[in-house]
Amino acid sequence: MSSSPPADARDEAGIRALSIARYRRRAAAYDSTCGPTWPIRERCVAALQLQPGDSVLDVGCGTGLSFELLRAGVGAGGRVVGFDQSPDMLAQARQRVERAGWSNVEVVEEAAQGLALDERFDALFFHYTHDILQSPAAVAALLARAKPGARVAIAGVKAFPWYLAWLNPWVYAKNRAYNGAPGGLRAPWRRIAAHLDGFQSVDTQWGMGYLASGRVRPAPGQPGTPA
Ligand SMILES: C[S@@+](CC[C@H](N)C(=O)[O-])C[C@H]1O[C@@H](n2cnc3c(N)ncnc32)[C@H](O)[C@@H]1O
């Protein structure tokens, strides 16, 4: 009998390995490329409607560029946990936390698919996390870490609408430079959106970006969404 993993698991492993290799090359210059999308990052954090004392999970936190904004939302009494699978991106995230002396920001090196945190969060933040959103295993693991009714905000890259569709090969190539699973650009949010109440998405960047939000639907039998 063969002991090799099922095809899906092999694909996930390959996608993850490709992503880790890409961010090994990109980590050093990553922050310097993020200026143009800063207003989207701010809008994405605002969409979470964080409250003092909340706990927020920064999914695929990279170099921790969102930590300061998220921390401002949850206040000194709240908690920010960022995780990422790239040791190169996380090295910078850790330095950022140390330099700032934030005691309520934690950084964890893990893949979304195997997230072993035993905490449940008030809010999940996805900022340019395409590969994670394309993985059913990752989406399931993240939803399991959310409180019923947890707020979710997502920003990322998507395909242009039909009237600019001729530009989509360029969008795909751009997305492929960062991600191991660059497809699914028509509705990158579709796997998680199926589990969210009040899901809505608006286009950004002339239609090649999106900002989406919703609340995690309680599983059958769980208490209802808190007010
Ligand atoms: C475009 S960067 C975004 C980083 C950060 N969210 C930001 O907005 O600056 C995507 C991040 O997702 C991480 N990532 C990709 N696949 C992952 C996975 N399966 N598990 C955990 N992190 C992953 C990458 O290592 C990378 O740091």
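This briefing describes the ligand site and several individual residues of the structure above. The model is predicted. Its ligand sits in the largest pocket, with 20 residues surrounding the ligand. Taken alone, the ligand exposes 600 Å², of which the protein buries 96%. Beyond the ligand site, the briefing covers loop residues, with their accessibility, contacts, separations and backbone angles.

**Ligand shell**

- Among the 20 residues around the ligand, the closest are Tyr23, Gly60, Asp84, Ala112 and His127.
- By class, the shell around the ligand consists of 9 nonpolar, 7 polar and 4 charged residues.

**Polar atoms facing the ligand**

- From the side chain of Tyr30, a polar atom lies 2.9 Å from an oxygen atom of the ligand.
- In the side chain of Arg41, an N or O atom is 3.1 Å from an oxygen atom of the ligand.
- The protein buries 96% of the 600 Å² that the ligand exposes when taken alone.

**Buried loop residues**

- Asn104 is placed in the loop between helix H4 (87-100) and strand S3 (105-109). Its relative accessibility is 9%, and because the limit for a buried residue is under 20%, Asn104 counts as buried.
- The side chain of Asn104 has two polar partners described here: a polar contact of 2.8 Å joins it to the side chain of Arg71, and it reaches the backbone oxygen of Gly78 at 3.0 Å.
- Cys34 is found in the loop between H1 and helix H2 (38-47). With a relative accessible area of 5%, Cys34 falls under 20% and is therefore buried.
- Along the chain, Cys34 and Ala187 are 153 residues apart, while their C-alpha atoms are separated by 23 Å.

**Loop residues with positive phi**

- Most residues other than glycine have a negative phi. Two residues described here have positive values: Gln49, with phi near 50°, and Trp206, with phi of about 60°.
- The place of Gln49 is in the loop between H2 and strand S1 (55-59). Gln49 has a relative accessible area of 51%, so this residue is exposed, the limit being over 50%.
- Trp206 belongs to the loop between strand S6 (196-204) and strand S7 (209-216). With a relative accessible area of 74%, Trp206 is likewise exposed.

**An exposed arginine**

- Arg186 lies in the loop between helix H7 (168-176) and helix H8 (190-193). Because its relative accessibility is 67%, over the 50% limit, Arg186 counts as exposed.
- Arg186 and Ala93 are 93 residues apart in sequence, and their C-alpha atoms are 31 Å apart in space.

Notes
Residues are numbered from 1 along each chain as its sequence is written. This is a predicted model: local features need pLDDT of at least 70, side-chain atom pairs count only at pLDDT 80 or more; totals for chains, interfaces and linings use all residues. Side-chain values use heavy atoms; hydrogens and water are left out. A residue is near a molecule or strand if one of its heavy atoms lies within 4 Å of it. A polar contact is a pair of N or O atoms within 3.5 Å; within protein, one must be able to donate a hydrogen and the other to accept it, and residues adjacent in sequence count only if both atoms are side-chain atoms. Accessible areas come from the Shrake-Rupley method with a 1.4 Å probe; for residues, only the protein chains shown count as cover. On a 1 Å grid over the protein atoms alone, a cavity is a set of points where a 1.4 Å probe fits but cannot get out, and a pocket is an open set with protein on both sides within 12 Å along at least five of seven lines; lining residues have an atom within 4 Å of a point. A molecule sits in a cavity or pocket if more than half of its atoms lie within 2 Å of its grid points. Ala, Val, Leu, Ile, Met, Phe, Trp, Tyr, Cys and Pro count as nonpolar, Asp, Glu, Lys and Arg as charged, and the others, Gly among them, as polar. Helices (H or I, at least four residues) and strands (E, at least two) are DSSP runs, numbered from the N terminus. Buried means under 20% relative accessible area, exposed over 50%, partly exposed in between (1.4 Å probe, protein chains only).
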